[in-house]
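A few questions and answers follow.

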Number of protein chains: 2
Amino acid sequence: MEQRKILLREDEIPRQWYNILADINLNPPLGPDGKPVRPEMLAPVFPMNLIEQEVSTQRWIDIPEEVLGVLNIWRPSPLVRALSLEKALGTPARIYYKNESVSPPGSHKPNTAVPQAYYNKVFGIKRITTETGAGQWGSALAFACSQYGIECKVFMVRISFDQKPYRKSMMATWGANCVASPSSETRAGRAALEKDPNTPGSLGIAISEAIEAAVTDESGQTRYALGSVLNHVLMHQTIIGLEAKKQMEKIGEYPDIIIGCAGGGSNFAGLALPFVYDKIHGKQVAIYPVEPAACPTMTKAPFVYDHGDTAKYTPLLAMHSLGHAFVPPPIHAGGLRYHGMAPIVSQLIDEGIMEPKAVRQEQVFKAGVLAARSEGIIPAPETNHALATVVDEALKAKQEGKEKVILFNWSGHGLIDMAAYDNYFAGKIKDVELAEAEIEKAEAECAGYPKPTHLKHK
Amino acid sequence: MEQRKILLREDEIPRQWYNILADINLNPPLGPDGKPVRPEMLAPVFPMNLIEQEVSTQRWIDIPEEVLGVLNIWRPSPLVRALSLEKALGTPARIYYKNESVSPPGSHKPNTAVPQAYYNKVFGIKRITTETGAGQWGSALAFACSQYGIECKVFMVRISFDQKPYRKSMMATWGANCVASPSSETRAGRAALEKDPNTPGSLGIAISEAIEAAVTDESGQTRYALGSVLNHVLMHQTIIGLEAKKQMEKIGEYPDIIIGCAGGGSNFAGLALPFVYDKIHGKQVAIYPVEPAACPTMTKAPFVYDHGDTAKYTPLLAMHSLGHAFVPPPIHAGGLRYHGMAPIVSQLIDEGIMEPKAVRQEQVFKAGVLAARSEGIIPAPETNHALATVVDEALKAKQEGKEKVILFNWSGHGLIDMAAYDNYFAGKIKDVELAEAEIEKAEAECAGYPKPTHLKHK
């Protein structure tokens, strides 16, 4: 029996998050006046302790004991040597993955949902609102809120609400209130329903509803939570990479290549950022965020200032963007259907520290099925994007006869997303290559905004 | 941060299963002639190496390296101190659970699916057939077969096939062929369809189809696999209890009470049997298998000789039985809807070593929701039965002011069974108390069969 899993004891869990803002420079978020957003301007939306984390440049931020005491329900997560996948590919590469599917909701999302719920609690907040597309984030926040006795309200995009009933059942079991968006509970929702009573909804509308529900609560005890993109969210996720580093050290390994799927960027960055620190300080390591070719934010879209949401409620963020009005084609990886990309990831791509890859759906699901039949775990459709690139790199190592060490993030399991596999087996997963015209449209959309500066790390 | 999980390293995984037939006496299975079944009579159904395990009285059976090398995808499973549940109940009891939800299909079932697939492979078998009700067993066998490159054919009860589409998607992803039963592929299936083209199917028919598909394959390279009830299945599951013992030893604990839900009996026995050995040898430990009050096999049905299936294909087994024609009410725990009980568990109840409990559905789901909101993991509906008794015992310990140590089996997660929770929240989970007349019917059904002897352990 060859060892598969490299485990950490609970007392080896990292005690601090890594904040990359100590080591890189970012173009600041801009307000409607074109000037940098001041922290207090965000106070109606987020609790001040999280806003402080968002702008902090302190390298190491202590993880509160009360957060560790919930994270340890499933953390430290296993680092796994993908022995069976290696064998199936006949590669000399040694492939490792962080198994983030082991959390109760089945993905990496609770790594930030838990601290976000905690900091809201400490700040005296009684109720958190959020939006969710496919449902991974909404169920993670519902789980986290149940741990701290906070009310949780989730606006779930109508079409997913109808197509993925298990997600809302999970949220209900954890005590959250999940409604289909657009709902009649907000002005934004009512306006959308008036325009089209049969609308399938969109993430843009759901975000508007969740923010409105938070800022209009007169008690002042409601705030909004976001599951990706922001600096503090990526920082909470660094626990993945910090654990992975400890685990690889235990067996005397260091990755040549780091791979993760990237929608908003948080699971990928969570694994990669602690290694980016090494790279800035001289280590050789290739770092590949992976996206669907149908939503090529990182590989084709320009690096611009754009809004994070369709309704332009958010500040302007310096990022790779397909334009805030872009509607991604309906590929089966809800978590990767986002027009923008986390400013931190966008900056690291712009600086050349990360090298994005785009993969096609056929190849994505082929890799996912191979992984399920070898490693056993059925991956989330999002994770399959990372797997497609892992397979590519492992086969390249085979061709070159090189013993590459590949590390990737198994961001979640697919047990609630089996319809995507059904569609794949039925030959219904079609790839849509994005037309050049769409990219031009994105550029035109952001043409009136300020241009971000090309920055270098500190 | 208080420690929750007691982990074993992979090199601490048990190397042998515990075979309780070394320590207890069983009434033998009887053939149609009323005489004990000889091993070779089962050869068309099971491979001979598994039949040998079924009848072996050797106390320790080596687990093959090739089996350990697949079990270590998820094993050893964590032993978890249920700190948050204890706190929610305000109990002085220390509650521990084995988390068997961490396997790729999400339950304890692969603990036996993996060795069964392996022994079939070694015996030269190319294809395994089975039936599945709710789908836990079918998906576990699909996963196991994918690990050894064996074809897997699953006959899934029609109504579940339609209501739980994710289960068949999981099986397809692992490469298995899953069809609705009754199917037109077998004589038994065609007969059932002829009788009623719109039949919802039944486990009885599905078993008949799976056995027929195995024994009628002229190549001789197909066998049938069963997911519970049989001696070798319970033995494969003892890895749960053997690990639990090691883990409790590490922290200087020993259980006062052991609890598990019991349908066919395998997850419960897997945890309990290694502790039954201790009890036989003088240790004080209370052992409670738990069943739904709506299907009270252990608490109300007689200890008789009866068939394991509706169609009377199986030998007569000495067990607690509600009668082979009994159709359990449609409660939402498919794994607990079985008219009989494993002969080993039945024998241990008859001898007074185990004390069965029956719980009602309202209490079952209330406990499940409490567990989800405290421990985080959404339990399988089956596991909720164990949890209901855990809550009872923990509250009793509180009343008595006693520091009881409770150990139970978290047999699976409920992510594929969320409809049961929906029904609970909608107030649609109704309990059906079984009428006395049903018990009398069971007794009458088995009246013509031989009577089992009341035996004592060795």
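**Sheet, copies and a buried loop residue**

Q: In which order do the seven strands of the open sheet of chain A stand, and which two are at its edges?
A: In this predicted model, seven strands of chain A form an open sheet with mixed pairing, in the order β1-β4-β5-β15-β10-β11-β14. Strands are DSSP runs (E, at least two residues), numbered from the N terminus, and two of them pair if DSSP finds at least two bridges between them. Each edge strand has a single partner, so one side of each is left without a neighbour in the sheet; these strands are β1 (5-6) and β14 (357-359).

Q: Which residue of β11(A) is the bridge partner of A:Cys261?
A: Strands β10 (residues 257-261) and β11 (residues 286-292) of chain A run parallel and are joined by five bridges. Within β11(A), the partner of A:Cys261 is A:Val290.

Q: Is A:Asn19 buried or exposed?
A: A:Asn19 lies in the loop between β2 (16-18) and α1 (48-55) of chain A, and a polar atom of its side chain is 3.0 Å from the backbone oxygen of A:Gln58. Buried means under 20% relative accessible area, exposed over 50% and partly exposed in between, with a 1.4 Å probe and protein chains only. At 3% relative accessibility, A:Asn19 counts as buried.

Q: What rotation superposes chain A on chain B?
A: Copies are superposed by least squares on C-alpha atoms of residues with pLDDT of at least 70 in both. With 0.0 Å of shift along the axis and an RMSD of 0.0 Å, the rotation is 180°. That is the relation of a two-fold axis.

Residues are numbered from 1 along each chain as its sequence is written, and chains are lettered from A and ligands numbered from 1 in the order in which they are written. Local features need pLDDT of at least 70 and side-chain atom pairs count only at pLDDT 80 or more, while totals for chains, interfaces and linings use all residues, and side-chain values use heavy atoms, with hydrogens and water left out.

Methods: Helices (H or I, at least four residues) and strands (E, at least two) are DSSP runs, numbered from the N terminus. A polar contact is a pair of N or O atoms within 3.5 Å; within protein, one must be able to donate a hydrogen and the other to accept it, and residues adjacent in sequence count only if both atoms are side-chain atoms.
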